[in-house]
Amino acid sequence: MAATGNEEQTLLPDIEEEAEGMEREMESEEEEEEGMGVEHSEEEDEEDTSEDERENEAEIQRLEEQLSINAFDYNCHVDLIKLLRQEGKLHRLRKARQKMSELFPLTEEIWLDWLKDEIRLTEDESDRERVYELFERAVKDYVCPEIWLEYVQYSIGGMGAQGGIERVRSIFERALTAVGLHMTKGASIWEAYREFEIVILSTVQPPPGSVPSQEQQELLNAQLERIHTLFRRQLAVPLMDMEGTYAEYSDWADNGVPETVTHQYRRALQQLEKCKPFEEALLVSEPPKLAEYQVYIDFEIKEGDPARVQIIFERALAENCLVPDLWIKFTTYLLACNLPQDRQLKIKDLVLSSHERAVRNCPWTMGLWKTYLLALERHGADHQIVTDVFEKALNAGFIQATDYVEIWQSNLDYLRRRIDFSKEWSRELDELRAAFARSLEYLKQDVEERFSESGDLSCTIMQIWARIEALHCKNMQKARELWDSIMTKGNAKYANMWLEYYNLERSYGDAAHCRKALHRAVQCTSDYPEHVCDVLLNFERVEGSLEDWDAAVQKTETKLNRVNEQRARVAEKEALLARQEEEKAEHRRKAKADKKAQKKGQKPNRTGDKRKAEDEYEEEWGEDTELPSKRLRGEEDFGSTATEELMETESGLFGRRAPAPRKSEPPGFRKNQQGQSEDLRQLQDVSKEQRKDEDSVFVSNLAFNLEDPEGKLRTLFQGCGTVQQVRPVFTPKGVFRGYCYVQFEDRLAVSEALKLDRQEVDGRPMYVSPCVDKNKNPDFKVFKYKTAMEKHKIFISGLPYSCTKETLEDLCKQHGTVKAIRLVTNRSGKPKGLAYVEFENEAQASQAVVKMDGTMLENFTLSVAISNPPGRKMEDKAVPSRILGAPMLRQPQGARGKGRTQISLLPRSLYRQSAPDAKAENGTVSAPHATVTDGVHGGPGTASLDTQTKSLSNEDFARMLLKK
């Protein structure tokens, strides 16, 4: 927590004078050394040193200039302090530390360095007082045992001054209150306190052999009681290595450890055993350990000891100071904590200081400022303090326009609660009206200029103002003026806004203004006109005369007729557009059918030319079009799914070469098809046994003309682990499809292989994803980037295509620590002019948005916003394959019309439905209720097709194909 302005002003001048004096002494010493005779090598060393000093001085000037532009650059402050300390620029170092402490809470390391530097310069008592003030500021930022230990050790050095011992004891007691319950580091404070009191005991003991006076004996007894009390207090607190403390007390106490102390010690040991698992989890976990602290905090809250809950919160916040949710949880707990009456003052100070630290660490979080204002009001803070905090909140740099609306509402609520409306006029009422007017002006100018919107689309602030004027001030004229302004801001078309105004007039106005408001609502409303018309008619039933009723009926009927006409025109227009779309679709279908008929007329698909026709069809749609697998009679579903999968994924497994084009079928080919299908089934079973999806990765987006894909990928992935096999996928014509499967011997190699995702191969980004069977996991998606708002990450659009990561990093690092940069590219690796930049925390990201949005880069205007990507659309589920013999389902057409896989290659005669009685067709007796599942026959009601197959001659096949 920063010190007050007066304290800082009194502290700086003396420190600056001291620093200037020391710098002059250092310069004079350097001049004396230059005047002395030195060897040539020493002169060279001095030249090198001066060169380094010039470079450091240039860097210092650059950092100072950067801070003059952006004072909230945290990393720039840290770098400047390190350089100034390295160069020994004490005067400028103090100024740099002072400026940083005014803006940010300082870390434990920065405070300790600052304190140690100032302690070394302490010469007289006035210097010691300035160091005491610096310690007081340091212990308010975070609860750090090391800083408290340094504080008490420094205070012991001043125990010889008047009241010095009491001052040391007071600081020790405050240290115990702050960190004495720290389970791992609190024991150091207790031990230092005991050692201090034992030293004091040695000073009050009488010399050996002398008889102490009554006064000396009383001092001796009092000092012994202090030490006994410290032992008893420490043994009642669960701390690490408390067994050693108990043994030390047993040796020190002449009469042994009292039973009550032993009982408290055992209870503390039991509590220690409960907490040990949580402490061990913190010990082995990596920073910032947020999840582990959350579990620990929930445990302590259930235990119900407020002091222990506070200390674990403070420990968590020291390592997670930029997590707003943790601060909110802490402050909420403090407000809900019920403490005894004698601790109410302490809890007030704790609540307010905690809120102040929260907004200093996370100033961009509106919720923390809102609860801070409520806490100040709840604890009776001065009006000027509340006003100052609100003004700081307006300058905090919120990331949403609605945040400014909410913080203004909180302030206006506070100002309204200060007014005594029983008085006709008060200064507080004028202050409230001025605040309302200022809020509207602020939202219109400052907020709308930054976010392109005011954040208060429904004019909530103006509605509250109008209701206050009507209810408390009885000023309906002002309320009506406000509602007129609300309606002119685009709200007149909404029925709910008119009804809100009508309810206000109904409660605090008169019937004439109610009628006028409802007539205007009927005329202007466009979303729910029927509802407004009903409200007007019901009002006239209760309040109106016959003339009023007739006017209302005419008004509503005219409005509803006009609305119905508009709706009819819209419906007619939509129907016309739908018909036009249908006509266009029908025209495309007819054109496609005519083209297909013309092609069939020019090139008849005879049996001998069947393969030739298929090849020409493939040339028309392109070589990358996926061909349907040819189903063989008697194979059931094996031919439709398994053969295609075998043909696509296993071509690289057996022989590593693409399959040659099929030739025309020789006589007797179909006679041997059934035997070949058995070979294919055996081939697939072998390949499935060799494949292990959990040990494999799927590699895609490779170039179709990639030479030797198996060799290149084997070389590329061999650094991840032992590659067992690489299975590139080819088309039936031998063209590489651009994807393959890489299988490893060790499953651990898969995680290393996934790290190669997006690596360039022949100028294209290679996509590497887990190998998952989509038939077993149809909903599996691979998308490693988040689709929700990421407040620590920004999205930049409008980048030049020539922009590189290095250029973007140089641009962004001026606003904070850049953790990662991702340039968005298309599948060919060409940039899209978009990028995501991840910062260390939300404050740096929001600062980057404010400073970078609208700036120019190579004559391109950049648009910068907090990363909030849209949700990814889920693809439709795949249509299940049709069981052999079942009616063909109508499948949706793709963007290019009817796909090739929807064209049947079977003769029309084979599509005839069989009679109820079993009838031989193409040599196969079909059972009416036979079912086939995954190519395996059996089960109730199934018939084996293999056993019912009847061989036919080539002449039988020819007659069936020529049958009309």
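The secondary structure of this protein comes to 34 helices and 13 strands. Helices here are DSSP runs of H or I with at least four residues, strands are E runs of at least two, and both are numbered from the N terminus. This is a predicted model, where local features need pLDDT of at least 70 and side-chain atom pairs count only at pLDDT 80 or more, while totals for chains, interfaces and linings use all residues. Residues are numbered from 1 along each chain as its sequence is written, and side-chain values use heavy atoms, with hydrogens and water left out.

Now the overall numbers. Of the 964 residues, 37% count as buried. Buried means under 20% relative accessible area, exposed means over 50%, and partly exposed is in between, with a 1.4 Å probe and protein chains only. The protein exposes about 55,800 Å², and carbon and sulfur atoms supply 50% of that. Those areas come from the Shrake-Rupley method with a 1.4 Å probe; for residues, only the protein chains shown count as cover. Next, contacts, meaning heavy atoms within 4.5 Å. Take those with a separation of 6 or more: residues 24 or more positions apart account for 63% of them.

On to the cores. In soluble globular proteins, nonpolar side chains tend to be buried together. A nonpolar core here is a set of buried Ala, Val, Leu, Ile, Met, Phe, Trp, Tyr and Cys residues joined through side-chain atoms within 4.5 Å. The largest one has 104 residues. Which residues have the most contacts inside it? Tyr296, Trp369, Phe398, Ile407 and Trp483. Another core lies apart from it, with 51 residues, among them Leu80, Cys144, Tyr193 and Ile311. Back to Trp483. Leave out residues up to four places away in sequence, and Trp483 touches Gln463, Ala466, Met497, Glu500, Tyr501 and Leu504.

Next, Leu368, in helix H17, residues 366–378. Leu368 has a relative accessible area of 1%, so it is buried. Its contacts, again without residues up to four places away, are Pro324, Trp327, Ile328, His355, Ala358, Val359 and Cys362. Look at Trp327: Leu368 is 41 residues from it in sequence, and 7.8 Å from it in space, C-alpha to C-alpha.

Compare an arginine. Arg128 lies in helix H6, residues 125–141. Buried or exposed? Arg128 counts as buried, because its relative accessibility is 13%. Neighbours within four places aside, Arg128 is in contact with Thr122, Tyr154, Ser155, Gly157 and Gly158.

Now helix H26, residues 546–602. Its 57 residues should span 84 Å at 1.5 Å a residue, and its end C-alpha atoms are 83 Å apart, so the two agree. The expected span is 1.5 Å times one less than the number of residues. The buried residues of H26 are Ala552, Thr556, Lys559 and Val563. An α-helix has 3.6 residues a turn, so residues three or four places apart point the same way. Cover for the buried residues of H26 includes helix H24 (511–524) and helix H25 (529–543).

Pro288 sits between helix H12 (259–284) and helix H13 (290–303). The peptide bond from Pro287 to Pro288 is cis, with omega near 10°. Lys289 is in the loop between H12 and H13 too. Lys289 is not a glycine, yet has a positive phi of about 60°. Lys289 counts as buried because its relative accessibility is 16%.

Last, the sheet. What is the strand order? S2-S3-S1-S5-S4: 5 strands in an open sheet, with antiparallel pairing. Strands pair if DSSP finds at least two bridges between them. The edges are S2 (723–730) and S4 (759–761), each pairing on one side only. Neighbouring strands are turned by 30° against each other on average, direction ignored. Helix H30 packs on this sheet, touching S1, S2, S3, S4 and S5 (764–770), and its direction makes about 140° with that of S2. Axes are lines fitted to C-alpha atoms, for helices over the stretch in contact, and angles run from 0 to 180 degrees between N-to-C directions.

Of its 8 residues, 7 are buried. 6 bridges join S2 to S3, and Phe730 stands opposite Phe736 in S3. S2 and S3 form a hairpin with 5 residues between them, and Gly734 in the turn has a positive phi of about 95°. On the S1 side, S1 and S3 (736–744) pair over 4 bridges, with Ser696 opposite Gln743 in S3.
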